[in-house]
Amino acid sequence: MLGFRVKSGQMMRGTLTISALTNTVWLLFWITSGQTVAAQDRLIDTARKIKALDSVIYTARATMSPYQAAAPRQVLSRELLNTVRPVSVGDASRFFAGVLVKDYGGQGGLKTISVRSLGASHTAMLYDGLPVTDMQNGQIDLSKYSTAFVQKIQLSQAYQATFLQPARTYASAAVLSVESIFFRIDSLRKFRWTAGIDGGSFGYWKPQASFSFPIGKSTVAGVTAEYHRSAGDYPYTVENGSQSKSLRRENADLESFQAAFQLMHYWKKGATLNTRAAWYGSERGLPGAIVFFNETANQRLWDKQFNIQSQYINPLSERWQLQAAVKYQYQYNRYVDPDFLNAAGYLENIYRQQEADANAALSFKATRTITLGFSTDAAFTTLDANLPQFSYPERFSLWNALTGAWEKNGFTASAILLHSYFHDNTSAGEATPDHQVLTPTFAVSWYPGNQRIFLLRSFYKNSFRMPSFNELYYTLFGSRSLKPEKAKQFNFGVALNPGSSNKKIYTGISLDGYYNKVTDKIIAVPNRNLFVWSMMNVGVAAIYGMDVNIEAGGQINKGWSWKGRIAYTLQKATDVSDPDASSYKEDLPYSPRHSGSVLAQLAWNQWTLSWTALFSSNRYALGDNDPANLVDGWITHDAAIYKPFRIGAVQCRAGFQANNLFDEQYAVIRYYPMPGRNFGFSLQFENL
């Protein structure tokens, strides 16, 4: 019997028997498969397709054009990531329409994502198909996740178009999915390796390497590793009335190391078992807010994270498919403030969080036009800390989802019914009451013509978010009476599928209007620094907006080609809680009216030149829309050039980037200046 415990001094808490949890999930799977739960969009396009090659059948993730999905979807491919060279998933996410990445500056600054102004906690993150969670804060720091070994990043509104996924992902308003570089099939026959290094201004270095090798005829193993170091001491200018001063950012350094081991086994009938163990460790400074030219900040943060997951996928027949997975995740955070005014003369907080998760999903193609699915997911989470009078919270969470999709003659209708249940325990004080809720999702899409070029689509989703451990139980700022957030999403859009009668040009266009209504909205903002937050309920928030995505490209003539991409968001997010309040119909904090990105690329004879621009209009730092709280808009321009080449049996790629070409002095978050003009390079090598 395998279990784990969280230890604090002499106190043992949070014992979990993993095998018992797994057995419970499987029992629930078979017992409740005739009950609640829900349905999907183009679930006909299953998330894993089975392919055969050289008598070895392996599982590959499905690919559907973002312009063919019933719910809006955006994709950043490996090719695009190689072009813009974002350091982290957080940096890459800025290229999605409808996304605000809260960036506190530099490569060591925390980065969280808010989709359509719903907040970071309404966005689920999947890494290789399984959830990444942080029950303590309720939001993921995307700066921890490098793009060095990422194949694709996908943002889906409402849900992912696949039956084979954990049920808990249906609970979120949006899903950010990261797929690592999958084993190449020739790894079953030969040893493969890659190596590379990125470097740049302000002491930035990031070497990385990977290799994979066969074990027998149907098993392959691989290792990836990356070291990241940045001094983060970039210059910036502070304006204070008629005065200005040039300074260098302090305490913004970062040093991290991450590695992963992956083992995958293939069966000839198409089943796969993929096991992955990963480690991340870092030390970083937490840069302070710049107020009246004072940037004194000496706080430090240490992070350690370990997870191991195993995922089994089996196409049982032409009509049945099964996925089952287990995951264990451990997180350690140590925060030190040497300037904290207390009897000890400093503050040191240590947190340990553990979670075990087991999930299973089954899909069944009932007829040529109807597909059904069921998924179940159970998780047990504990949080330990060295704080006095800490509550030592534990949470058991259970999700069950029933899904279905019907498709005929260009019309698709999907439905999802999710049942969520949460039970908390604490060692001190009263825990928040149990919560359980049913949340539906409906989506429809229709091609008016036979050519399936023009698509009309719409969805409605009801979601429910439990407050995080910090929001509920943090010793100084948590509130056990804090209400869970409830959100209703409405979306109506049109999409033009890629393609053209002119074979030299392809296009893809989508326009989606949306309305979100959030009740009991929880706003988390930094209090004294980046690690200590304060929480408040806005009450009711109304969010109106429109996302526009345009992609185009083609061949100019022999040797010349071009690509372009535009992502734009028009949005108004307001507090509509109390008509008598001064903040009534005022903009929510950090909700710009206009934001987006532009990318243009020109290629000739293997040389590729790209230009990108990111922009945001003015927004307010606080709910009181006073001119004193206005944060100026900004636009940055980046340029890059790269070229692949060969040295013997080694494929190489070299690139150079110039970022923030015009040295824009700006801040995404008030008082946290961003880097000005800086430069970088990249070199990659791979055996052929």
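**Close-up views of salt bridges and strand pairing**

**View 1. A salt bridge joins the side chains of Arg465 and Glu471, with 3.3 Å from N to O.** In this predicted model, both Arg465 and Glu471 are buried. Elsewhere, salt bridges with shared partners connect Asp141, Arg284 and Asp303 in one network. Across the whole structure, a search finds 23 salt bridges.

**View 2. Arg116 and Asp547 form a salt bridge through their side chains, at 3.1 Å from N to O.** The two residues belong to distant parts of the chain, 431 residues apart. Arg116 lies in the loop between strand 7 (111-115) and strand 8 (123-127), whereas Asp547 belongs to strand 29 (residues 533-557). Arg116 and Asp547 are both buried. As a general point, oppositely charged side chains can pair when their charged atoms come close.

**View 3. The side chains of Arg276 and Asp128 meet in a salt bridge with an N to O distance of 3.9 Å.** This pair also links distant parts of the chain, its members being 148 residues apart. Arg276 is located in strand 18 (residues 272-285), and Asp128 in the loop between strand 8 and strand 9 (130-132). Arg276 counts as buried because its relative accessibility is 13%, under the 20% cut-off. Asp128 has a relative accessible area of 3% and is therefore buried as well.

**View 4. Strand 26 (residues 454-465) pairs with strand 27 in the antiparallel sense over 12 bridges.** Within this pairing, Gln489 of strand 27 is the bridge partner of Lys461. Strand 27 spans residues 485-496 and has one covered and one uncovered face. Gln489 belongs to the covered face, together with Glu485, Ala487, Asn491, Gly493 and Ala495. The uncovered face consists of Lys486, Lys488, Phe490, Phe492, Val494 and Leu496.

**View 5. Gln321 is shown in strand 20, which comprises residues 320-337.** With a relative accessible area of 16%, Gln321 is classed as buried, because the limit for that class is under 20%. Along the chain, Gln321 and Lys365 are 44 residues apart, and their C-alpha atoms are separated by 9.0 Å.

How values were computed. Residues are numbered from 1 along each chain as its sequence is written. This is a predicted model: local features need pLDDT of at least 70, side-chain atom pairs count only at pLDDT 80 or more; totals for chains, interfaces and linings use all residues. Side-chain values use heavy atoms; hydrogens and water are left out. Buried means under 20% relative accessible area, exposed over 50%, partly exposed in between (1.4 Å probe, protein chains only). Helices (H or I, at least four residues) and strands (E, at least two) are DSSP runs, numbered from the N terminus. Two strands pair if DSSP finds at least two bridges between them. A salt bridge is a side-chain nitrogen of Lys or Arg within 4 Å of a carboxyl oxygen of Asp or Glu.
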